[in-house]
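Q: I'm new to this one. Can you walk me through it?

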Amino acid sequence: MRRLRAGLLALLLALGACAQAEPEAAPSPSAAEWLMSVRSAHLQADGALSAGELERAASVLRGVAGAGAPSEVSTEHGRVVLQDLMFRLAEVELERAQHDAALVAADAGLAHGRGDDVFTANLLIARGAALEAKGRDTEAAASYYEALEINRALLAELLEAPDGGGR
């Protein structure tokens, strides 16, 4: 997952460097600055988690996710980066047994949009875990099922690839 995250950030950083930003009235971070802050937040969260400081990890992730993506980042690229952050935050909140906060994080990530991708599936799984922990089993099962369907389609697509999925 870290390799995927690093690759995604590198791709978005490259795209941001090529983007032509329109002048804005209020200064906002460039795409490159924003992606560096996201990368930094992930690294800080890694350190906090290694030290057993779950609240600090959640706080770092919450802070950078709350800032949102700058306007020069495409909606789709912003969606996946923010969804990855919100999934990670939801995981931390689940580990802290903060099920309401985990559900809020998962729903906030899904509010950025849905795709037939691992980012949406991860949020649906986190949402299902939060709902299950709250005793809302029917809703949890629905979230898990949605995630399962996305993952099943992704696997089928990978297996049907001309190279047999060996990238």
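Q: What do the side chains of R127 and D107 form?
A: A salt bridge, at 2.6 Å from N to O. The term means a side-chain nitrogen of Lys or Arg within 4 Å of a carboxyl oxygen of Asp or Glu. This is a predicted model, where local features need pLDDT of at least 70, side-chain atom pairs count only at pLDDT 80 or more, and totals for chains, interfaces and linings use all residues. Residues are numbered from 1 along each chain as its sequence is written, and side-chain values use heavy atoms, with hydrogens and water left out.

Q: Why does the pair of R127 and D107 tie parts together?
A: R127 sits in helix α6 (residues 118-133) and D107 in helix α5, so the pair ties together parts that are 20 residues apart in sequence. Helices are DSSP runs of H or I, at least four residues, numbered from the N terminus.

Q: R127, buried or exposed?
A: R127 is buried, with a relative accessible area of 19%. Buried means under 20%, exposed over 50%, and partly exposed in between, using a 1.4 Å probe and protein chains only. D107 is partly exposed, at 32%.

Q: What do R114 and E146 do?
A: Their side chains meet in a salt bridge of 2.5 Å, N to O. R114 is in the loop between α5 and α6 and E146 is in helix α7, so this pair ties together parts 32 residues apart in sequence. R114 is partly exposed at 47% relative accessibility. E146 is partly exposed too, at 35%.

Q: How many salt bridges are there in the whole structure?
A: A search finds 13.

Q: Which residues are linked in a network of salt bridges?
A: E55, R62, E93 and R96. Within that, R96 and E55 meet at 2.8 Å, N to O. That pair links distant parts of the chain, 41 residues apart: R96 is in the loop between α4 (75-95) and α5 (99-110), and E55 is in helix α3 (residues 54-67). R96 is partly exposed at 25%, and E55 is partly exposed at 39%.

Q: Back to α6. How many residues does it have?
A: α6 has 16 residues. From first C-alpha to last it reaches 22 Å, close to the 22 Å expected at 1.5 Å a residue. The expected span is 1.5 Å times one less than the number of residues.

Q: Which residues of α6 are buried?
A: Among them are F119, L123, L124, R127 and L131.

Q: What follows α6?
A: G135, with a positive phi near 80°.

Q: New topic: the largest nonpolar core. Which members touch the most others?
A: W34 and L85, out of 34 residues. A nonpolar core is a set of buried Ala, Val, Leu, Ile, Met, Phe, Trp, Tyr and Cys residues joined through side-chain atoms within 4.5 Å.

Q: Which elements give two or more residues to this core?
A: α2 (31-50), α3, α4, α5, α6 and α7. α4 gives the most, with nine residues.

Q: What does W34 touch?
A: Leaving out residues up to four places away in sequence, W34 touches P29, G68, A69, P70, V73, G78, V81 and L82. Contact means heavy atoms within 4.5 Å.

Q: And on the surface, which residues form a nonpolar patch?
A: L155, L158 and L159, with about 280 Å² of accessible area together. L158 is in helix α7 (residues 137-160) and is partly exposed, at 33%.

How values were computed
Patch = residues over 30% accessible without salt bridge, like charges linked within 9 Å, V, L, I, M, F, W, Y side chains within 5 Å. Areas by Shrake-Rupley, 256 points an atom, 1.4 Å probe, with all protein chains shown as cover.
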